[in-house]
Amino acid sequence: MPAPPEAESGAMAPRLRRQAQWCAEFGSPFYAQLLDRAADDIETGGPVAEALAGFEQESGRAAVALRFMAAVHRLVLEDELPQLAARYPSTGGDGDAEATWPVF
C-alpha cells in the first residue's frame, strides 16, 4: 500500500505551514510566525529539517508541528533556553517572533 500524501518526504514544511495558519486563526501569532520560519528552514535544509528528519512518515494526526513546538517550549520553561525565555509570552517575554527566530 502506498504511503499517504502527508507521509511523502517533502510534506513536512507544508504541514508546519498548515499548523501556522491554524495558530494564527486561533490566536497564537507567536507560534504561527515561528512555525512559518521553521517551514522555511526545512525547505532550505536547515537545522529544523535535521531535527524533524524521520518524522515525515508520521500521520497528520500525530501533530508533529505542535510536538516540536512543545519540546522547545518545555526547554524554555525549564530554563534550558534563557535567551528564548526572554521572548516567550508564557515566561513574561515580549512575544517578538522575529527576534526569537535567530535563537530558536
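Let's start at Glu 98, which is partly exposed, with a relative accessible area of 48%. (Buried means under 20% relative accessible area, exposed means over 50%, and partly exposed is in between, using a 1.4 Å probe and protein chains only.) Before going on, keep in mind that this is a predicted model, where local features need pLDDT of at least 70, side-chain atom pairs count only at pLDDT 80 or more, and totals for chains, interfaces and linings use all residues. Residues are numbered from 1 along each chain as its sequence is written, and side-chain values use heavy atoms, with hydrogens and water left out.

So what does Glu 98 do here? Glu 98 forms a salt bridge with Arg 37, and their closest N and O atoms are 2.7 Å apart. (A salt bridge is a side-chain nitrogen of Lys or Arg within 4 Å of a carboxyl oxygen of Asp or Glu.) This pair links distant parts of the chain: Glu 98 sits in helix H6 (residues 97-100) and Arg 37 in helix H2, 61 residues apart. (Helices are DSSP runs of H or I with at least four residues, numbered from the N terminus.) Arg 37 is partly exposed too, with a relative accessible area of 26%.

Take Asp 36, which pairs with Arg 17, with the closest N and O atoms 3.8 Å apart. Asp 36 lies in helix H2 (residues 29-43) and Arg 17 in helix H1 (residues 12-25), so the pair ties together parts that are 19 residues apart in sequence. Arg 17 also forms a salt bridge with Asp 40, and there the closest N and O atoms are 2.6 Å apart. Here again distant parts of the chain are linked, since Arg 17 is in H1 and Asp 40 in H2, 23 residues apart. Asp 40 counts as partly exposed, at 36% relative accessibility.

Now look at how H2 meets another helix. The axes of H2 and helix H4 (residues 64-77) come within 11 Å and cross at roughly 110 degrees. (Axes are lines fitted to C-alpha atoms, for helices over the stretch in contact, and angles run from 0 to 180 degrees between N-to-C directions.) H2 and H4 are therefore roughly perpendicular to each other, a label for angles of 65 to 115 degrees. Tyr 31, Leu 34, Leu 35 and Ala 38 of H2 make the contact with Ala 65, Phe 68, Met 69 and His 73 of H4, where contact means heavy atoms within 4.5 Å.

Methods:
Helix = DSSP H or I, 4+ residues; strand = E, 2+ residues; numbered from the N terminus. Parallel < 35°, antiparallel > 145°, perpendicular 65-115°, else oblique.
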